[in-house]
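Subject: Structure handover

Hello,

Here is the structure I promised to pass on to you. Please have a look at it first, and then read my notes below.

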Amino acid sequence: MLFSSLIFLFVFLPSVLVLYYALGKKFRNIVLLGFSLFFYAYGGPKYLLVMLFSIAMNYVFGLMVERFREDHMSAKRVLTFSGIGNLTIIGYYKYTDFFIQNINTVFRAELPYAEIVMPIGISFFTFQGMSYVIDIYRGHGKVQKNPLNVALYISLFPQLIAGPIVRYETVADQIEGRVENFDKFVSGISRFIVGLSKKVLLANSMGLIADEVFANQPADISVLLSWIGAIAYTGQIYFDFSGYSDMAIGLGRMFGFEFLENFNYPYISKSVTEFWRRWHISLSTWFRDYVYIPLGGNKVSKVKHLRNIFAVWMLTGLWHGASWNFVSWGLYFGVILVVEKFFIGERIGKLWAPLRHIYTMTLVVVGWIMFRSETLGYAGEYLAVMFGASHQELLSDQAMYYLTEYRMEFLLAIVASTPIYRSIKEKLSTFQTGSWVERVEAFASPIVLSSMFLLCIMNLVNSTFNPFIYFRF
Amino acid sequence: MKKLSKLTTLIVFLGIIFTVPVLTLLKTKEDISQFENRELAKMPEIDKERVLSGEYFKDWETYMADHIYGRNGWLEKYTYMNMNVLEKQKINDIVLGERDTTLPYNPYIPEKTLSQNLEDIAEMSERLEKLKNSLESYGGELYFAGIPVQQSFYRARYPEYFERNEEFLDKSGERMFSLLDEKGISSIDMGKVFAEEDRDDYYFKTDHHYNFEGSYRTYREIISRISADSQAGIRGPLEREELDIETVPKEFRGSRNRQIYYMRPTDEKLQIGRPREEVAYRKLTNGNPDPEMYKVGEQDKYVTYDIYMGGDMAEIEVHTDRPELPNLLVVGDSFTNAVEPLLYYHFNETRVLDYRYYSEMDIYEYVEKHRPDFVVYVRDNANYGNLDGNGNFGLEN
């Protein structure tokens with residue numbers, strides 16, 4: 001189920017809210033779990049079994065890790081088995097055909113494809129399951145004796161399908177001891193509306209443009225159109241994913257949860273290293289804490305340090321999708337980060353700020369082309385058009401059409417990717433209580449939020465174009 | 001103050017998410033969306049397979065979107081916002097062209113490529129040749145009348161940068177008529193006729209059809225050609241002074257304007273023409289008596305193109321009981337509707353089939369049964385390569 005769907009807004013959400021708050025504290029987790037399982041089953045109930053199996057497996061591994069806590073070797077063995085178990089599930093559903101494809105290519109074989117349909121959100125719930133067992137092993141959270149609590153942690157609907165990847169240590173205490181209150185609830189509403197608006201008003205418009213541009217062969221597009229497509233996709237993926245994270249965080253607050261932030265205005269970054277500190281923070285920190293640091297991080301020889309960096313970035317790419325495009329995309333960033341870290345980082349830091357910004361965004365946009373393209377060949381040809389290496393015409397009617405028809409959306413997207421709104425809010429909060437500025441803000445805030453919400457509903461009633469990019473992962 | 005502000009946010013948000021579903025549940029469900037000209041989703045029926053595949057819940061999404069409380073209001077406001085606030089020139093797949101003309105949006109990557117269309121046109125010309133041979137076996141004649149679609153006629157009115165489909169339409173037209181020539185099929189190219197006359201008022205600005213002027217010119221061309229080519233002995237077309245041309249005073253609502261909730265102001269009016277010297281006739285629609293050619297009275301507050309013959313019908317017969325005159329069969333879609341009230345005047349019996357709706361007999365069976373002296377096949381230039389509906393003549397694939 002999509003957060004940005006009428007069924008979610010007008011059937012699922014009111015139902016879960018009513019039951020959650022009407023049935024009393026004792027039943028709140030049960031209500032949330034029941035609705036979370038329904039939320040997942042909505043897209044195809046047969047895959048619910050996969051998630052339930054993953055939950056049961058991690059519940060048992062969690063208990064076993066706790067049981068062998070004093071016996072370090074046994075606990076480590078259980079941890080290894082849990083890792084193998086989780087990776088087998090994700091490997092089977094996500095990577096079997098990729099594996100067969102590569103076997104066929106390398107050995108010129110003709111093994112038939114398994115054509116396995118990937119359960120939605122598998123990359124997210126698998127990583128949360130792994131996080132549960134690892135955090136118990138590390139003593140970063142207490143083991144859950146009640147399997148329903150493990151099920152709730154892994155399947156909690158606000159973050160189930162597209163993150164943020166909530167680590168167990170973050171919410172371990174909240175599962176049983178969270179506090180719901182008026183302020184938190186209203187702040188959840190505001191955050192949810194902001195996320196919904198990012199998704200419905202910006203990501204969907206940008207997505208329409210990107211899809212139409214990328215439906216062309218690179219040989220058929222002008223240089224300007226290639227840039228418009230690239231920028232539109234850059235906007236789509238940010239507003240789509242950060243909008244989803246905002247909605248997840250907002251919904252979490254409505255039920256008393258506090259999830260960590262997943263985005264921090266990544267497009268204002270002045271280096272690629274900074275970009276990755278601001279983009280999909282929950283995934284970057286997951287890999288940092290569960291892969292990079294256990295491998296030794298930077299506290300090892302230079303060669304091993306490089307190995308650790310590339311291992312993390314290859315896995316980051318592979319996590320996003322079973323194709324060489326994604327692997328190349330991950331390694332592309334691995335290379336840039338290594339170059340920034342060991343060679344040009346300091347020199348870039350001394351450049352004029354706008355130049356650093358252009359440098360970063362150019363590399364990020366190039367990365368998104370690799371990410372969006374069906375094949376590496378397509379990405380190469382597309383990039384050749386963007387950078388004038390293919391003798392395409394500079395302008396075209398189609399390019400001018402998007403520029404004129406979607407000028408407001410582009411403008412809004414640019415403004416919304418910067419922290420202007422946050423800065424204004426921070427500035428306003430410095431005014432004294434009772435001042436006219438505070439009164440104006442208090443008056444305007446519900447009007448702005450309600451208008452945004454109504455605009456979203458208006459767009460949802462009208463439009464059938466409403467994809468979520470990260471549902472693929 | 002802050003608390004009041006938060007309370008307002010809470011009340012508005014909860015008010016909306018709780019009120020809309022209740023009102024949706026209580027509201028009378030409609031079957032058809034007049035504005036979108038389509039059937040609305042029916043309540044999903046539970047089915048094990050569809051539940052397991054997730055399709056059942058998707059059906060609920062569609063149902064909710066189609067029946068949400070105040071749907072038309074939401075859609076209207078969306079259109080208004082896009083038109084007046086975002087100042088878009090393309091809304092709901094309608095392009096706001098110059099001189100208050102509303103045109104369809106042509107995607108930059110067409111659903112059908114020109115080369116595919118040219119192949120289908122070749123197939124269509126073979127189907128027409130086969131029909132022509134079949135008619136000639138008993139002395140009948142086939143005419144092909146090609147009508148430009150509104151966006152083709154008003155192509156110059158597209159705003160800058162919008163795709164006009166010129167190459168697709170022009171090359172398709174060239175191929176269609178050259179193949180018809182090769183196969184010896186009589187053809188009437190109304191695109192050429194209109195272009196030669198240098199008039200720009202043959203079509204509605206807010207509807208996808210021609211207006212009375214365009215349909216009258218088409219009628220004249222068809223009758224002139226048949227009477228000039230054949231020995232049928234039919235009189236030439238009715239001159240303007242032989243007609244009572246009436247402007248229907250009601251508001252005209254065009255199909256393209258409907259898609260944007262009639263937000264494009266227009267002073268267009270619909271006209272009808274009746275022969276001054278009447279000829280008695282019996283008219284049947286789908287086998288039932290239906291005397292009116294123009295359904296003026298049925299549309300109270302406003303009129304649409306459906307005024308002509310009551311809209312698209314599967315089969316229409318007009319009998320004038322003048323056996324000395326030939327019989328005519330017209331095959332085509334809505335472009336035939338506006339010419340039918342004048343065509344019948346020249347024939348003993350006029351039959352009209354629309355194979356999008358008619359399924360009792362294929363064209364060969366129908367022709368065998370009724371032996372028309374002339375068959376006029378009417379096709380618009382966007383559909384020369386469309387092998388379905390009227391392009392299939394009711395034959396099973």
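I'll begin with strand β4 of chain B, residues 94-96, which is joined to β5(B) by 3 bridges, the two strands running antiparallel. One of the pairings to look for is I94(B), whose bridge partner in β5(B) is P104(B). Please keep in mind as you browse that this is a predicted model.

These strands belong to an open sheet of 3 strands in chain B, ordered β3-β4-β5 with antiparallel pairing. Its edges are β3 (90-91) and β5 (102-104) of chain B, each of which pairs on one side only.

Now to the contact between the two chains. On chain B, 44 residues are in contact with 56 residues of chain A. Together the chains bury about 4500 Å², and 73% of that area is on carbon and sulfur atoms.

One salt bridge to bring up on your screen is formed by the side chains of E87(B) and R407(A), at 3.3 Å from N to O.

Which elements give two or more residues to the side of chain B that touches chain A? They are α1 (2-26), α2 (48-53), α3 (55-67) and α4 (71-85) of chain B. The largest share comes from α1(B), with 16 residues. Sorted by class, this side of chain B has 28 nonpolar, 7 polar and 9 charged residues.

- The record gives a "coiled-coil region" at residues 114-141 of chain B. In the model this span is 82% helix and 4% strand, and its end C-alpha atoms lie 30 Å apart.
- The record also places "domain: AlgX/AlgJ SGNH hydrolase-like" at residues 118-232 of chain B. Here the model has 57% helix and 10% strand, with the end C-alpha atoms 34 Å apart.

Happy browsing, and do write back with any thoughts.

Best wishes

Key:
Residues numbered from 1 in each chain as written. Chains lettered and ligands numbered in written order. Predicted model: local features only at pLDDT ≥ 70, side-chain atom pairs only at ≥ 80, totals over all residues. Heavy atoms only, no water. Pairing = 2+ DSSP bridges. UniProt positions renumbered as here; feature names shortened; annotations may be inferred. Contact = heavy atoms within 4.5 Å. Buried area = accessible area lost by both parts, 1.4 Å probe. Salt bridge = Lys/Arg side-chain N within 4 Å of Asp/Glu carboxyl O. Nonpolar A, V, L, I, M, F, W, Y, C, P; charged D, E, K, R; others polar.
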